[in-house]
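Here's a quick tour to read alongside the sequence and the 3D view. Keep both open as you go.

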Amino acid sequence: MGWMDRLLSLIGFEVEEEVVEAAAAEEPQDGTTTTRRRDGRPSRERPEGAAGRPGQLVPLASGPRSQRVVIARPRSFDEVQDIAEHLKNRRPLILNLEDTDKETAQRILNFLSGTIYALNGEMYRIANGVVFFAPQNVETVVDRPDFLSRD
């Protein structure tokens, strides 16, 4: 698991498989229901109340719609306005400035830190040259205070 996966799981964003119902003609005769996952693989589920077996898929109540995390790697200051639009639209942002020259990276960071401040959000330094911006609607929970440092 890379640092990006650790970060996303730390803030509660994880990849979920979406189950899509298959056509009724494809249903088997044994009382199970055939569904297809997002990747096209078939999945079989028993109706509610049927005796289950280990490893059986159980439908979960659908919760709130998952939120997108934007990962930006700007090369020039000209891209900063488009990146700020994501923050204005209340999308969490991971900014990677590792490949940006030092002066441009500082200008981009100054611009986006002012943007997130105006939106009452928070900014965290994840690693050298990597910063996480959390708008006001995103709750950031840190279980290891030494992992993130707040700027």
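## Ground rules

You're looking at a predicted model, where local features need pLDDT of at least 70, side-chain atom pairs count only at pLDDT 80 or more, and totals for chains, interfaces and linings use all residues. Residues are numbered from 1 along each chain as its sequence is written, and side-chain values use heavy atoms, with hydrogens and water left out.

## The chain and its confidence

The chain has 3 helices and 8 strands. Helices here are DSSP runs of H or I with at least four residues, strands are runs of E with at least two, and both are numbered from the N terminus. Along the sequence they come in the order α-β-β-β-β-α-β-α-β-β-β. Of the 151 residues, 31% are buried; that means under 20% relative accessible area, while exposed is over 50% and partly exposed is in between (1.4 Å probe, protein chains only).

The mean for the chain is 74, and 51% of residues reach 70 or more. Over residues 15-27 the pLDDT is below 50, though this stretch has 21 contacts in the model beyond near neighbours in sequence. A contact means heavy atoms within 4.5 Å. Taking contacts between residues at least 6 apart in sequence, 44% join residues at least 24 apart.

Leaving out neighbours within four places in sequence, Thr104 is in contact with Arg75, Ser76 and Phe77. Thr115 also belongs to α3 and is buried, at 14%. Not counting residues up to four places away, Thr115 touches Ala84 and Leu87.

Asp101 lies in the loop between β5 (93-96) and α3, and at 43% relative accessibility Asp101 is partly exposed.

## Positive phi and a hairpin

Most residues other than glycine have a negative phi. Arg90 has a positive one, near 60°; you'll find Arg90 in the loop between α2 (80-88) and β5, partly exposed at 33%. Asn120 also has a phi near 60°, lies in the loop between α3 and β6, and counts as exposed at 53%.

Strands β6 (residues 122-127) and β7 (residues 130-134) pair in the antiparallel sense over 5 bridges; pairing takes at least two bridges found by DSSP. Glu122 has Ala134 in β7 as its bridge partner. The hairpin has 2 residues between the strands, and Gly129 takes a positive phi near 85°.

## The second largest pocket

The second largest pocket has a volume of about 240 Å³. A pocket is an open set of points on a 1 Å grid over the protein atoms alone, where a 1.4 Å probe fits, with protein on both sides within 12 Å along at least five of seven lines; lining residues have an atom within 4 Å of a point. The volume is the space filled by probe spheres set on the points, which are joined across faces, edges and corners.

Of its 14 lining residues, Leu97, Ala105, Leu109, Asn128 and Gly129 are the closest to the centre. The elements giving two or more residues to the lining are α3, β6 and β7, with the largest share, 4 residues, from α3.

Technical notes. pLDDT is the predictor's confidence in each residue, from 0 to 100.
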